[in-house]
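Please read the following explanation with the sequence and the coordinates open side by side.

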Amino acid sequence: MSKLFDIKGYFDSSYEYQFNDRDMWEGKILLEDDGWFEGVVKDVSSSYQEDRFVFGVYHPGKVIELYKWTPTSFSSPFVFHGNKSEVGYQGEFEVIGLMGSMPYGVSRITPEEVVLGKDEEQVEIDDVKRRIEAYKVFLMDEAGRSFYDNSMAMRNVLCDNILRCYEGRGYTEEEMVAIANQVGPINDKVVKDTAEGAYQLVKKMQEENPNFFSEADADDDDLPF
């Protein structure tokens, strides 16, 4: 059965762990027995006040890895990594780009399980499920759909791997072979999608500015190396 959590995320791009109530997002997630969760949040200070979709892996008392998506026409997606500390789950967060993710700052995530009466809790859970489904139907773009589908295809591997890494446990040779067989086709699809995405990006840049590459070559002549 899904467990309902309130969740807040604080972020600091200066890497100084100086968090405040302006640079933060908050919302609700539904946690499943295997550690997988999905939910919706809103950035409190952003002009964009539609729901943002979050999903990932959360093992209470240990570790959380959270992906946060908004339509990419408005914002790049992020991934937040957090290990349990005295004040929440802290670690780095990264911005996800076409060619992978890049460090962007540090964060603190504070999930808190919601305790309600059975009927009231079910109403809240149903509302979160409705908002999640609404995001997937009306707001999720092609890039978000591809990333989410690939993650779901590897759900059991992700849930197990994140916990193992936190606990410092390795894999047997047989387990590694089994994982490679499961993940290999997905990785091939990601590589293909990335190449296609890069091609479309270059094509769009050239359409918007036919002289883009000749200008870039001219700039290269001025470089000191």
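Of the 225 residues in the protein chain, 36% are buried, where buried means under 20% relative accessible area, exposed means over 50% and partly exposed lies in between, with a 1.4 Å probe and protein chains only. This is a predicted model, in which local features need pLDDT of at least 70 and side-chain atom pairs count only at pLDDT 80 or more, while totals for chains, interfaces and linings use all residues. Residues are numbered from 1 along each chain as its sequence is written, and side-chain values use heavy atoms, with hydrogens and water left out.

The protein chain has five helices and eight strands, taken as DSSP runs numbered from the N terminus (helices are H or I with at least four residues, strands are E with at least two). Along the sequence, they follow the pattern β-β-β-β-β-β-β-β-α-α-α-α-α. Of the contacts (heavy atoms within 4.5 Å) between residues at least 6 apart in sequence, 49% join residues at least 24 apart. The chain exposes about 13,300 Å², of which carbon and sulfur atoms supply 52%; such areas come from the Shrake-Rupley method with a 1.4 Å probe, and for residues only the protein chains shown count as cover.

Leaving aside neighbours within four places in sequence, the residues in contact with Arg52 include Val41, Asp43, Lys68, Trp69, Phe74 and Tyr135.

Aromatic rings come next. Rings of Phe, Tyr and Trp (its six-membered ring) pair if their centres lie within 6.5 Å, with planes under 30 degrees apart counted as stacked, over 60 as edge-to-face and the rest as tilted. By this rule there are 21 aromatic pairs. One of them, Trp25 with Phe80, is edge-to-face, at 5.5 Å centre to centre and 70 degrees between the planes. Because Trp25 belongs to strand β2 (residues 24-31) and Phe80 to strand β6 (residues 78-85), this pair ties together parts that are 55 residues apart in sequence. Trp25 is buried at a relative accessible area of 0%, and Phe80 is buried at 2%. The ring centres of Phe55 and Tyr148 lie 5.3 Å apart with their planes at 85 degrees, so this pair is edge-to-face. Since Phe55 is in strand β4 and Tyr148 in helix α2 (residues 142-153), the pair ties together parts 93 residues apart in sequence.

A last stop is a loop residue. Ser73 is found in the loop between β5 (63-69) and β6, and at 75% relative accessibility Ser73 counts as exposed. The C-alpha atoms of Ser73 and Asp141 are separated by 8.9 Å, although these residues are 68 apart along the chain.
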